[in-house]
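This report examines selected local features of one protein chain.

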Amino acid sequence: MANEPEIDVTETSEERVQNIDGWVEVSYDPEGTTANMILHAPHGAGAPISVPQAMGELVRRGVTAGIDEEAVRGMVDGKLFETPICVARAVPAKRGENGSISFLFEKNRVPKPKHDEFGVADYRELNLIVPIRRGTVIAEIKLPTPGEPGLNIFGKPIKPQAGKPANVTLGKNTLLTADGKNIVSACDGHIVYGTGCFNVESTVTVKADLDISIGNIDFFGDVLIKGNVMEGFSVKAGRSLKIEGTAFSAELSAGGNIVINGGAIGCKVEAGGDVKIGFCENTEIKAQGMVESSQFAFCNVFCYGELHAKGKTGVISGGIITAMKDITAGIIGSEKYTSTEINIGDGSVICARKSEAEEELAAATEKFEQASKNVEFLKHRKKIQGGTLTDMQARQMKTETQNKVYFSVRRKDLQSYIAQLDADLKHRDDLCAIVNGKIYPGSHFCINYLSLDITDTFSRSKVCIIDDTVQVVPM
């Protein structure tokens, strides 16, 4: 047994029993979690136990860490004998923290009506669509920590248990960054929460009518509406817009093409590409490309491409139609002699620009001539004043001279611009309107800068420029 007392053989048996030194007994579990100490009291004239003796016994038994010196000292000083006391404890390993996810977007989007300066809520502006750009952080991920190692009573490390990683589920068009710390959008789109994760949709899809339950849409991508667009609502799409139903008194715009399978009634439509609508009534359309519909009833249309009132019954009746390229239709006008204005080619635009330029040229010429007269007058005054001008006259001379130079240059620029417009007009005489059905009286055609009022009914005809006049030619 540890630190057993030594017996002096020169002593008698009775003396040996009476003179036993105190001794220390140490025990511990095999894993080195705790160590217990028992102090055995001395007998007779035996030496008492000291603190160094007790501490030395722990070291001799290999216990080097987690020692509670105060407990040992208390046992020795308090002469606490024959009682097992825990004097060393392992420092337990600290378990690692689990990973977690912090989402930067709301899972359940709540409608938030926009309020004006008077606090009145606009329930058409609900902000339900949340646009997101490629690379935008959707969620921040806190990685699990490995934990902190412990130390057993023998000074050997105790391996910690690492934290569990967060349960990360990637949705549609989302990515985990290389460092595993963020979920980001993989494309431009709008963000929605569903099936336990965030998804990024490149197209805003409205599965029913666009009404007060959805509100206005302003999105930089594609928009698809599977129902109607109800009165008073607006849709702005950065790319394409498709409506499977009908739009009623709505404002519709797209950076690309617009397709409305139903119709547009009392709408404003503007597209950076082509426009295709089932039928149009009292609608204003502006398009960078072509425009197509089966009916244009009292519509104002301007497009840089062709315009088609498709089919033999495709009708243009009422309103003002302007296309930079050819127009085809089944019927233009109506039996009631509805006033219908058809403009083809940019000649009308060029004519307007030419007219404006000519007006500016006339004004510039007048100002140039007036400045010239003022300069000559001041030169005459200088001569009769002995070669000098008053300060006021000198300032006026400087101003009038500058005006004369400016308006001289401006006149030359305008003359050159007008000449170019004239040249452009001469090369736009091949445009026409092709009508497979009838053209009714009340229709007015303008091709480039030439015009024609229709006073008779024509069937299957082409309206074009022949010999510098607009004529109706049978097909």
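Helices (H or I, at least four residues) and strands (E, at least two) are taken here as DSSP runs, numbered from the N terminus. In these terms Phe-298 lies in strand β27. The model is a predicted one.

**Helix α3 and its surroundings**

Helix α3 covers residues 69–77, and Ala-71, Val-72, Met-75 and Val-76 are buried in it. Viewed down the axis of α3, these buried residues fall within an arc of 130°, so they line one face of the helix. An α-helix has 3.6 residues a turn, so residues three or four places apart point the same way. On the other side of α3, Glu-70 and Asp-77 are exposed. The buried residues of α3 are covered by elements including β2 (34–40), α2 (51–60) and β3 (85–89).

Two residues that follow the helix deserve a separate remark. Glu-82 is placed in the loop between α3 and β3, and it has a positive phi of about 55° although it is not a glycine.

**Sheets and strand pairing**

Strands β4, β8, β12 and β11 form an open sheet in the order β4-β8-β12-β11, with antiparallel pairing. Its edge strands are β4 (100–103) and β11 (174–176), each of which pairs on one side only. On average, neighbouring strands of this sheet are turned by 25° against each other, direction ignored.

Parallel pairing occurs elsewhere in the chain. Strand β16 (residues 217–219) and strand β18 (residues 234–237) pair in the parallel sense over three bridges, and Ala-237 in β18 is the bridge partner of Phe-219. Strand β18 also pairs in the parallel sense with β21 (residues 251–254), over four bridges. There Val-235 stands opposite Leu-252 in β21.

**Nonpolar cores**

The largest nonpolar core has 55 residues, of which Leu-252, Phe-296, Leu-307 and Ile-316 touch the most other members. Strand β27 (residues 295–303) supplies the largest share of this core, four residues. A second, separate core of 18 residues includes Met-37, Val-51, Val-72 and Val-87. Val-72 is also one of the buried residues of α3.

Apart from its neighbours within four places in sequence, Phe-296 is in contact with a set of residues that includes Cys-280, Ile-285, Val-291, Leu-307 and Ile-316. In strand β27, Phe-298 has a phi near 55°, a positive value in a residue other than glycine.

**Accessibility of selected residues**

| Residue | Relative accessibility | Class |
|---|---|---|
| Ser-461 | 2% | buried |
| His-190 | 7% | buried |
| Glu-82 | 48% | partly exposed |
| Phe-298 | 48% | partly exposed |
| Lys-412 | 57% | exposed |

The classes follow from the cut-offs, because buried means under 20% relative accessible area, exposed over 50%, and partly exposed in between.

His-190 has its place in strand β13 (residues 189–194). The side chain of His-190 reaches the backbone oxygen of Thr-203 at 3.2 Å. When neighbours within four places in sequence are left aside, the contacts of His-190 include Ile-129, Val-130, Pro-131 and Ile-132, along with Asn-199, Val-200, Thr-203 and Phe-219. Phe-219 is the residue whose bridge partner in β18 is Ala-237.

Ser-461 has its place in strand β35 (residues 458–466). The side chain of Ser-461 reaches the backbone oxygen of Ser-459 at 2.9 Å. Residues up to four places away in sequence not being counted, Ser-461 touches Ala-433, Ile-434, Val-435, Ile-439, Val-472, Val-473, Pro-474 and Met-475.

Lys-412 lies in helix α5 (residues 391–426). The C-alpha atoms of Lys-412 and Ala-364 are separated by 9.9 Å, and these two residues are 48 residues apart along the chain.

Technical notes: Residues are numbered from 1 along each chain as its sequence is written. This is a predicted model: local features need pLDDT of at least 70, side-chain atom pairs count only at pLDDT 80 or more; totals for chains, interfaces and linings use all residues. Side-chain values use heavy atoms; hydrogens and water are left out. Two strands pair if DSSP finds at least two bridges between them. Axes are lines fitted to C-alpha atoms, for helices over the stretch in contact, and angles run from 0 to 180 degrees between N-to-C directions. Buried means under 20% relative accessible area, exposed over 50%, partly exposed in between (1.4 Å probe, protein chains only). The arc is that of the directions from the helix axis to the C-beta atoms. Contact means heavy atoms within 4.5 Å. A polar contact is a pair of N or O atoms within 3.5 Å; within protein, one must be able to donate a hydrogen and the other to accept it, and residues adjacent in sequence count only if both atoms are side-chain atoms. A nonpolar core is a set of buried Ala, Val, Leu, Ile, Met, Phe, Trp, Tyr and Cys residues joined through side-chain atoms within 4.5 Å.
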